[in-house]
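These are my notebook entries on a single chain. I record what I looked up and what I read off in each case.

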Amino acid sequence: MENAHLRLGLLEYVRITEKTSTRIRLRVDRYMGEDRQAHLLSVFGNDSDVGAITAAVHENAAFSLTFPNGETKEVSLGEHPSCYKGAVALPGRKHPVRHLLAVSQELHTNGTAGRTLLLRYRRDEAWATLASFLGLPADPTWADHVLAVAERKKRIEEIDGIGCEPVLISATTEEILEWIGDGLRSQALALPTVSGPIRWPDVSVPDVLRSIVPIPA
């Protein structure tokens with residue numbers, strides 16, 4: 001955890017009532033978003049601040065987000081977000097740190113409308129995710145061919161991230177089935193020669209996050 005503060009973002013929210021104005025600031029360890037649209041927001045702090053941010057997320061409030069490199073954007077989770085709260089006990093602290101994970105409606109239904117959001121881009125992992133979310137008849141060995149097609153067609157776009165390297169893959173089920181068909185006809189792809197279960201990459205979310213959190217220079 002050395003120099004962990006260099007990897008964190010900062011979320012600011014100003015709550016204004018008839019009599020007072022309160023500025024709430026929380027540290028951000030994970031974020032995924034496109035311009036003003038936040039898809040995933042992970043913050044931690046004390047109980048009252050996390051509670052206030054949770055309420056603001058459900059009210060479709062706008063937040064000021066500062067990235068580790070100093071860039072600032074105004075972001076919002078949009079309509080119908082989902083929030084998950086927890087607590088993290090730390091040695092030497094009497095009270096646990098409160099944690100909030102907020103997810104946009106689109107990320108909650110990831111893969112619909114021809115848009116798939118990923119924490120990072122690795123061809124084998126991306127292909128397994130697409131096959132699962134889109135219900136594709138697929139084989140793990142097809143990853144390089146199909147994702148190479150997506151790359152040539154510029155369907156893979158890097159989006160904003162903190163603590164991850166997220167991408168957006170824009171491709172519908174029908175389009176990917178067409179790419180698979182073209183690959184089979186050209187013999188760039190081959191159907192499995194034996195029947196039986198197919199083993200896909202086994203990668204956990206903690207493994208993904210641990211491998212993609214560089215410390216800025």
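I note at the outset that the model is predicted.

**Entry 1. The chain as a whole.**
I counted 6 helices and 11 strands in the chain. I took the extent of the C-alpha trace along its principal axes as about 70 × 40 × 35 Å. Of the 217 residues, 41% are buried. I then looked at contacts between residues at least 6 apart in sequence, and 60% of these join residues at least 24 apart.

**Entry 2. Helix α1.**
I checked the length of α1, which covers residues 47–58. Its 12 residues should span 16 Å at 1.5 Å a residue, and the end C-alpha atoms are 17 Å apart, so the two values agree. The expected figure uses one less than the number of residues. I listed Val50, Ala52, Ile53, Thr54, Ala56 and Val57 as buried in α1. The cover over these buried residues includes the strands β1 (9–16), β2 (21–34), β3 (37–45), β4 (63–66), β6 (82–88) and β7 (97–103).

**Entry 3. The nonpolar cores.**
In general, nonpolar side chains in soluble globular proteins tend to be buried together. I looked up the largest nonpolar core here and found 23 residues in it. Those with the most contacts inside this core are Leu11, Val28, Tyr31, Leu41, Ile53, Phe63 and Leu65. Two or more residues come from each of β1, β2, β3, α1, β4 and β7. The largest share, 5 residues, is that of α1.

I turned next to α3, which has 12 residues. From first to last C-alpha α3 reaches 16 Å, close to the 16 Å expected at 1.5 Å a residue. Its buried residues are Glu125, Ala126, Trp127, Ala128, Thr129, Leu130, Ala131 and Leu134. Just after α3, Gly135 has a positive phi of about 65°.

In α4, I noted Ala143, Val146, Leu147, Ala148, Val149 and Ala150 as buried. The buried residues of α4 pack against α3, β9 (156–158), β11 (167–170) and α5 (173–185).

How do α3 and α4 pack, by what angle and at what distance between axes? I read an angle of about 90°, with the axes 9 Å apart. That makes α3 roughly perpendicular to α4, because angles of 65 to 115 degrees fall in that class. On the α3 side the meeting residues are Arg123, Asp124, Ala126 and Trp127, and on the α4 side they are Ala143, Asp144, Val146, Leu147, Ala148 and Glu151.

**Entry 4. Asp139.**
I located Asp139 in the loop between α3 (123–134) and α4 (143–152). Is Asp139 buried or exposed? Its relative accessible area is 11%, so I count Asp139 as buried, the limit being under 20%. The Asp139 side chain makes a polar contact with the side chain of Thr141, at 2.5 Å. Not counting residues up to four places away in sequence, Asp139 touches Trp127, Pro192, Ile198 and Trp200.

I noted Asn60, a residue other than glycine, with a positive phi near 60°. Asn60 lies in the loop between α1 and β4, and is partly exposed, with a relative accessible area of 32%. I noted also His80, again not a glycine, with a positive phi near 55°. His80 lies in the loop between β5 (72–75) and β6, and counts as exposed at 57% relative accessibility.

**Entry 5. Ala87.**
I placed Ala87 in strand β6. With a relative accessible area of 45%, Ala87 is partly exposed. Not counting residues up to four places away in sequence, Ala87 touches Pro96, Val97 and Arg98. I also took the C-alpha to C-alpha separation of Ala87 and Thr109: they are 26 Å apart in space and 22 residues apart in sequence.

Key
Residues numbered from 1 in each chain as written. Predicted model: local features only at pLDDT ≥ 70, side-chain atom pairs only at ≥ 80, totals over all residues. Heavy atoms only, no water. Helix = DSSP H or I, 4+ residues; strand = E, 2+ residues; numbered from the N terminus. Buried < 20%, exposed > 50% of the residue type's maximum accessible area, 1.4 Å probe, protein only. Contact = heavy atoms within 4.5 Å. Polar contact = N/O pair within 3.5 Å; in protein donor to acceptor, adjacent residues only side chain to side chain. Core = buried A, V, L, I, M, F, W, Y, C linked by side-chain atoms within 4.5 Å. Axes fitted to C-alpha atoms, helices over the stretch in contact; angles between N-to-C directions. Parallel < 35°, antiparallel > 145°, perpendicular 65-115°, else oblique.
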